[in-house]
Amino acid sequence: MEVATRIKKLPPYLFAQIEQKIAEEKQKGREILDLGIGDPDLPTPSFIIEKLCEEAQKPQNHRYPSYRGLYRFREAVAEWYLRRFGVKLDPEREVVSLIGSKEGIAHFAWCVVDPGDIVLASDPGYPVYKIGTMLAGGIPLELPLLPENDFLPDFSRFPQEVLEKTRLIFINYPNNPTSQVASLDFFKEVVELARRYNFIIAHDLAYSEISFDGYRAPSILEVEGAREVAIEFHSLSKTFNMTGWRIGFAVGNAKLVEALGRIKTNVDSGIFNAIQWAGVEALARTEEVLKWLLPVYQKRRDLVVSALSRVGIEVKPPRATFYVWIPVPSGFDSLGFANFLLDKAGVVVTPGTGFGRYGEGFVRVSLTTPDAVLERAMSRIEEALNQ
Ligand SMILES: *Cc1c(COP(=O)(O)O)cnc(C)c1O
């Protein structure tokens, strides 16, 4: 039996491969410490779970949800945007609920990309930007994020003919995997380019709330005129330890939001209403959650940064996300160093090249592991490097 070419062309999903490798090592009886995937170890705050239980009891929530999302949830998103970013959104036209932002990002390419269209995807970057593009028949091109440019794309070095043919670009700040943040000025520059070259901006803001040392990430929609060219993807996964719940949303340009809603009408039928009610509660109490959540990650970040410093690897403490993007010691490449750590220390890190070829020279460590495990992993890494 043959599957479709579009499926055959897909590279295996990065973390599916890593999971298999971990399983193999475990079968050999080794204790493996996993700093690979970015999936919060802490539980969802109990008030959110309680709200889900309460709403799950109500028969009216057992029926098909609305395609675009529960109106009250979209309204809660608009209220949250106004409080958080000072951005006013129309919940009817400028907000759509998503079954996690991954779903929205993957489907978004279907809304705006015709076969053969060029899409620029941050590299290193979240793999779904490229994969969604490929599934829609578009041509993904890399938008390199290089250390010498502080992991921001350098558009001045991008050929003008390519920008002219570009239909869509995917950017993401605070950034996974580099943990770089972007200023409002950077977003202004991208919006200007989008207007000049007539392309669409998809900004992935999954890590807006995970930040340290007083830093708060901006929304691209704070830029004047952004709404004419941009859509922003958001998720409750990282902020509220809700990766398994599958709830996110997209906001911004009404036409783009409408198009995404149309896909959803035809492909899925929205998110379980009880989960959206729990989401309303979560968004309303964001500050309360962040107050205990952020210090946990900040402490882990500092632990990793100082352990690395002891073995001569200097990294600036990231200001946002729960990742540390680590330059590999000389003599290693990205995959080689990840394999070395797995073999010699029993620690899983993600090779930078798993996020695209411009991730070469780096590995990513995720801080979503209990403190004790993280401490053990870091001392094993120190030991392996000191040998
Ligand atoms: C985790 C993540 C997402 C997806 O989160 P969902 O659980 O699908 O909402 C999107 N973008 C980036 C960069 C991520 O790291």
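**Cavities**

A cavity is a set of points, on a 1 Å grid over the protein atoms alone, where a 1.4 Å probe fits but cannot get out; lining residues have an atom within 4 Å of a point. Grid points are joined across faces, edges and corners, and a volume is the space filled by probe spheres set on the points. The model is predicted: local features need pLDDT of at least 70 and side-chain atom pairs pLDDT 80 or more, whereas totals for chains, interfaces and linings use all residues. Residues are numbered from 1 along each chain as its sequence is written, and side-chain values use heavy atoms, without hydrogens and water.

The whole structure contains two cavities of 30 Å³ or more. The largest has a volume of about 50 Å³; among its lining residues are Leu 308, Phe 337, Val 363 and Ile 381.

**Ligand site**

Among the 14 residues around the ligand (a heavy atom within 4 Å), those that come nearest are Asp 204, Tyr 207, Ser 235, Ser 237 and Lys 238.

Polar contacts (pairs of N or O atoms within 3.5 Å) reach oxygen atoms of the ligand from the side chain of Tyr 207 at 2.6 Å, from a backbone atom of Lys 102 at 2.8 Å and from the side chain of Asn 176 at 2.9 Å. Taken alone, the ligand exposes 390 Å², of which the protein buries 94% (Shrake-Rupley method, 1.4 Å probe).

Conventions
Polar contact = N/O pair within 3.5 Å; in protein donor to acceptor, adjacent residues only side chain to side chain. 1 Å grid on protein atoms, 1.4 Å probe; cavity = no way out; pocket = protein on both sides within 12 Å on 5 of 7 lines; lining within 4 Å.
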